[in-house]
Every structure is written in structure tokens, then in C-alpha cells.
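Q: Please take a close look at one pair of packed helices. How do the two meet?

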Amino acid sequence: MKKFMKVMTFIVMLSMLAACAGAAEETVVTTEVTAEETAAAPELTAAEQWAKDNGVGPYQPEVDDWDAITAAAIAEGKVTVYANSSGIEDLFEAWEALYPEIEFDAADTDGIDTKMRAEQESGNVIGDVWFNSDGHILFGEFVPNQWMWWFVPREVTIPELTPDYPFAIARHSTDVIGYNNAFYPDGCPLTNIWQLTEPQYYGKFFMEDPISDVSTMAKIATFVQNADEMAAAYEALYGKPWTEDELAVPDESGMAVENAGYLWLKKVAYNGVVVLDDGDLVDAAFAGLDLPADEEPGFGWTGYSTYEATLEGELNMMPCFGMEPVMGIFKTSFLGIANGAPHPNAAKLFIRFALSEAGFEPWNEIGSYPAAEGLPVFEDNLPLDELLPQVWEMDPIFDWEYVSVVRDFWAAAIATAP
């Protein structure tokens, strides 16, 4: 009996040792797998970790917990918005009605990219929200440097968003070639954009200075991008290819005219284009009410929204609808949250608000179109299916890649213009 008990004790001990050995072996295996998984996981940058901690960019949850976001935003107590539109100042009352506990610090801000770039480089971030139409700078510089993150409320549908362009879109607006409808009551005398370069309109085309206004420079890069259409319009008007134009060859400046878009820019510069400091001066120059009644007033690159001032009796401006190959540029205002924003939850609330009917109200006007589904479109607007064939949409990536080249070309053309 004693021998049996010894044998049983020995067997139990062996079983226990075997079990312990198995458990130890299991633990070792589990530890090795975890180590491999940890090694394989990409290490987040400081900016990515901030985005993950705050649920923005690729780390936005599948469901937005707006109760938690609102409570956190109230605790933050403030949101700072940098916007390139005076309409932002019309939002104070609506914002305060919704969020009286959250200070709304917003104003029409010049040089948003310069300001936010400096804040990112210094680490002293003040602005929470980018509300700006300079998409070429957003996608060309701020996104690659992880200075800006996107956030689109899950309940908002913006059909044009893609993985390459994930930022919320506040609105689209339109710049057009405008004419003086008091001087030309029967319609725009231009049928082709190349006519702006002809001698009878020397010194009669007004625009903001692209050298000092980065947005305007990005817009004129669009003519270079759409060079094939510019070439077709040239040949349709003059019956010969653009390459046979007398300005298509390099001159003493050494400028290479690589396509019909560059040629148009050069010919505009050589035809005495008048560059002014701001849009109000442009409008006054060709559509002001006090212009001489017997003198051809010219044409201006202006906002489609300027037509509202015409309806109110303050200007005489109409867009040159139907002009070939284009009569304007369709631009986009993006919303983003700054990396390291001091009030990230309040920034989320603002983006949600900006994409609502109340948030869009200051821009619900002629020439402005909401991107979010379900928002009202101004009743006097040209329907989009009629407008879009007449305008070119800006391409932020192209503009970023070529804007400096176009800038150099334009500067040389202005400098060498007779």
C-alpha cells in the first residue's frame, strides 16, 4: 500500500511538472508572438499619436459620440477659426445660441497658411480650424508635414470626398470673367477668352495681383493645366495652331512657352493687364457706377457673388456666360483641424456646425454652392449642371506642383511686357 502510494505520488508529481512545463512553454510562445506583433506595428509619429488620441484624421471613430465631444468642447471653452472670408463674422450669433459656454474666436484672416505654418514650426499652436480655399497649400505642404488633420462628421455626406481628398468641404465658389452690363446691355461681347489678348482691349482687363495673392496665382495655374482646351479655343478663333502665334517663341527673357496656357498668360501680360490690390478695386475698375458712359470699361476677374451687388444697384457686373473654352474657375473651401490644436473637440463641433444650414447661411448667395448633401442652394444660382461645363475646377495637387513655375513665368512676362 505504501509502495502504491509512493508510485501515485510520483505520478502526480510528474503530471504537475509536465503541466507546469506546458504552461511555461505556452507562456513563452505567447510572449514571442506579442513581441513579433509589437515589432511589426508601425511606430506613430508625435503628430499621428496626437491625431489618434484626439480621434481625427485616419483615427476618427466609426461613430461620433457627440455627447462626449460636446462635453469635452465645453470643458475646452473656446474654438479659434482662421477663415479667408468675412462671412465668418456673421456666425457669432448662431454659434452663441448653440454653444454659449464655448467662446467663438474667429475673423477674416489674411495669410492663413503663413500664420498656421509658423505655429506648427514653433509648436505654439493657437488656431484650431483651417477654413481656407488654398487647397494647393493644404495638400501640398500641410498634409505631408502632418500639420493638418481631417474630420468629417459621420452623419454628413459629401459625395466628392476621396481617400486622396478626405477633408470636409465647406462650400464651392466661382471666379468669373465679368463685363459691364450697363455698357453692353445685350450681353458680353467676348465669345472666346483669347479676345482678352487683342489690341482693342489693351489695358482693359483687371485682376488681383497674382504675385501678392497666392490664391490668384493658383487660379491662373489652372489655365496651364487645361492647355489642350486653350489650344483648341485659339485655333477655333484664329484658324491656326497656337504654336504659330508671334509670342509662342522665347523672347529676350528666355521664357519657354510650353503650351497654350502659358501663351495666354504671356499675351494677357503683354496686353497691358491691370493688376490691383483687392477685389473691390477690380470691381470698381470695370463695373463701377461712376465710370464714363462713353468709354469701354473693360473686363474683370471677379467673384460670381459680385453679381449680387449688381442686383442691389451697387455695380454693373455680369459674368461672360458661354465664353469658350471657359468663363471661370470653380474653387473649394476646405475645413481642417490643426495638429496640436488646443481645442480639438470644439474644432469638431465647429466643423459640424459649418456643414449645417445655419453654418452655411453667410455663404448662401449667388455663386456659392454647398458641398454637403441636403443644404439649400441659393435660388438665383445657375444650376450646377449648367455652371460646371463653363468653369474649370481647381486641382490642388497640380497647383502645388506648378504654382511656383507659373509664378516665375508670370513675373517674367510682366517684367518684359512692352
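A: A crossing is left-handed if the near helix is turned anticlockwise from the far one by less than a right angle, and right-handed if clockwise. The crossing of α3 and α12 is left-handed. This is a predicted model, where local features need pLDDT of at least 70, side-chain atom pairs count only at pLDDT 80 or more, and totals for chains, interfaces and linings use all residues. Residues are numbered from 1 along each chain as its sequence is written, and side-chain values use heavy atoms, without hydrogens or water.

Helices are DSSP runs of H or I, at least four residues long, and strands are runs of E, at least two, numbered from the N terminus. The chain has 15 helices and 12 strands. Helix α3 spans residues 66-76, and helix α12 spans residues 344-354.

Two packed helices are described by the angle and the distance between their axes. Here the axes come within 7 Å and cross at roughly 120°. Therefore α3 is oblique to α12. (Under 35 degrees is roughly parallel, over 145 roughly antiparallel, 65 to 115 roughly perpendicular, and the rest oblique.) Axes are lines fitted to C-alpha atoms, for helices over the stretch in contact, with angles from 0 to 180 degrees between N-to-C directions.

Now the residues. On α3, Trp66, Ile69, Thr70, Ala72, Ala73 and Glu76 make contact (heavy atoms within 4.5 Å) with α12. Their partners there are Pro344, Asn345, Ala346, Lys348, Leu349 and Arg352.
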